[in-house]
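Colleague: I am new to this structure and would like to know how its descriptions are reached. Could you take me through them?

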Amino acid sequence: MGRALGFIEISGVAAAVDALDIMCKAANVEFVTWERKLGGRLVTVIVQGDVSAVAEAVEAAAARAIKRPVAKAVIANPHSETRRMVELSASRIKGRA
């Protein structure tokens, strides 16, 4: 099975943390990064793992998160430029830690 990226965009930091917790408990995925937009009113959480695990995690979060997601996506075998964009986001977080 290939690697995949899973995205959940949701309103609010607390809802994003809840969605991430659901995703990590639902399937064998790992947190990659997150992006906050509009002062944290919209938060995108990104996870990675096998395609089936990422799909299961995203669907679980969409169904059970404390708020309804604004958007969700699973990208199987992402293009190298897509992966580079996600890695850039992740490197900004690591730089702050």
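Modeller: Gladly! Helices (H or I, at least four residues) and strands (E, at least two) are DSSP runs, numbered from the N terminus. Ser 89, for example, has its place in helix H3 (residues 80–96). Please keep in mind that this is a predicted model, where local features need pLDDT of at least 70 and side-chain atom pairs count only at pLDDT 80 or more, while totals for chains, interfaces and linings use all residues. Residues are numbered from 1 along each chain as its sequence is written, and side-chain values use heavy atoms, with hydrogens and water left out.

Colleague: Why is Ser 89 called buried?

Modeller: Buried means under 20% relative accessible area, exposed over 50%, and partly exposed in between (1.4 Å probe, protein chains only). Ser 89 comes to 4%, so it counts as buried.

Colleague: And which residues does Ser 89 touch, not counting those up to four places away in sequence?

Modeller: They are Thr 33, Trp 34 and Glu 35. Contact here means heavy atoms within 4.5 Å.

Colleague: Is Asn 77 buried or exposed?

Modeller: Its relative accessibility is 67%, so Asn 77 counts as exposed. Asn 77 sits in the loop between E4 and H3.

Colleague: What makes the phi of Asn 77 worth a remark?

Modeller: Most residues other than glycine have a negative phi. Asn 77 is not glycine, yet its phi is positive, near 50°.

Colleague: Why does Ala 60 count as buried?

Modeller: Its relative accessible area is 10%, so Ala 60 falls under the 20% limit. Leaving aside neighbours within four places in sequence, Ala 60 is in contact with Ile 22, Ala 26 and Ala 65.

Colleague: Which residues of H1 are buried, and what puts them on the same side?

Modeller: The buried residues of H1 are Ala 15, Ala 16, Ala 19, Leu 20, Ile 22 and Met 23. They cover an arc of only 160° around the axis, which puts them on the same side of H1. The face turned away from that buried side carries the exposed residues Ala 14, Val 17 and Lys 25. What covers the buried residues includes E1, E2, E3 and H2.

Colleague: What makes E2 and E4 edge strands?

Modeller: Two strands pair if DSSP finds at least two bridges between them. The open sheet has 4 strands in the order E2-E3-E1-E4, with antiparallel pairing. Strand E2 (30–37) and E4 each have a single partner strand, so one side of each is left without a neighbour in the sheet.

Colleague: How many bridges join E1 and E3, and how many join E2 and E3?

Modeller: E1 and E3 pair over 9 bridges, and Arg 3 stands opposite Asp 50 in E3. E2 and E3 pair over 7 bridges, with Lys 37 opposite Leu 42 in E3.

Colleague: Why is E3 described as largely enclosed?

Modeller: 7 of its 9 residues are buried, so E3 is largely enclosed by the rest of the structure.

Colleague: Finally, what makes a nonpolar core, and which residues touch the most other members of the largest one here?

Modeller: Such a core is a set of buried Ala, Val, Leu, Ile, Met, Phe, Trp, Tyr and Cys residues joined through side-chain atoms within 4.5 Å. The largest has 21 residues, and Ile 8, Ile 10, Ala 19, Met 23, Val 29, Val 45 and Ala 61 touch the most other members. E1, H1, E3 and H2 are the elements that give two or more residues to this core. A second, separate core of 6 residues includes Leu 5, Phe 7, Ile 46 and Ala 90.

Conventions. Arc of directions from axis to C-beta.
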